Amino acid sequence: ESASFSGTSAATVDEGVGICQPRSGVVAVVYSDDDTYGYCAASTFTTITVGTPGTAVEFATASQNSDLAVCASHATGYIAVAYQDAGNSDYLTLNIGTVSAAAVVAFGGAEEALNAVATTNIQITSPRTNSLVISWLDTGDPHLIAGGVVAGALTTFVQGAEASITTTATDPTHACISPTEVVIAYCDDAHAGDYGHIVRYSISWAATGAGTLTVDGKIDVFCEASVKSAGVGGVSLAATVDNEVIVVYEDIGNSNYLTASYGQFLSDIIDIRSAAASAAYSLWLSPVYEYVKTN
């Protein structure tokens, strides 16, 4: 049984809709309405029934500043919303709120701008309690940041150093394959044929909560044909278990078929060309399995 979270105001799908589960039996949804105000509403749910959502709460302090909203729960009863702040030059902005067991939403903290550049393609995940990884696109380059939320606080997000992939890209998307590893996939517009690339970073978490991102030095290809052209197509990414990753994309180089590639990151491949027989390097093996939807 379904429920309407946007009430009497239409949700603007093009501006982004995010969903997460901040506690057992409660689901939260963030969205922009048709005036691009940003709201969060929550509802209790059972196996097959979503209850009537509670009051939708604005997560931004001014109008028209909540485009491309996404969310993640980083601890029981907490929600982090990342969005493009149209009221502040489209900067990437974060706000943190609470969601009660009765599905009551509250935002008591202040919005925090994480950069000073117009931002799109925002994604947020939580690889471990009170930690967040956020990816986005600005000036054509994919970016990542890892940071921590001070336990029990609504206003303190401790950022690590921003990681940037210097290339002209579209559709960056990330997934955490462990609490200390994140992979980001994107369509490399700077490469002939718009290859799809995937890169892995390790995350070193400081006691302050800040995360240091270290690239493993290898950019692997998951698709050797264009995966995005003229605003069509895109990339989706999901982590499973044991460093396994599924990449889904519209393969414009193959009649626009929806294609899923399943691969695995390995860190113990021996380079037999090396003078030292024990020299190892990282590699994403793809496809271990590939499925193409043709109808």
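1. Buried means under 20% relative accessible area, exposed means over 50%, and partly exposed is what falls in between (1.4 Å probe, protein chains only). Keep in mind that this is a predicted model, where local features need pLDDT of at least 70, side-chain atom pairs count only at pLDDT 80 or more, and totals for chains, interfaces and linings use all residues. Residues are numbered from 1 along each chain as its sequence is written, and side-chain values use heavy atoms, with hydrogens and water left out.

2. On to the charges: there are 2 salt bridges here (a side-chain nitrogen of Lys or Arg within 4 Å of a carboxyl oxygen of Asp or Glu). R200 pairs with E181, with the closest N and O atoms 3.0 Å apart. R200 sits in strand β17 (residues 196-205) and E181 in strand β16 (residues 181-188), so this pair ties together parts 19 residues apart in sequence. Strands are DSSP runs (E, at least two residues), numbered from the N terminus.

3. D216 also bridges to R200, the closest N and O atoms being 3.3 Å apart. D216 lies in strand β18 (residues 211-223) and R200 in strand β17, so the pair ties together parts 16 residues apart in sequence. At 27% relative accessibility, D216 counts as partly exposed, while R200, at 5%, counts as buried. Shared partners join E181, R200 and D216 into one network.

How values were computed: Helix = DSSP H or I, 4+ residues; strand = E, 2+ residues; numbered from the N terminus.
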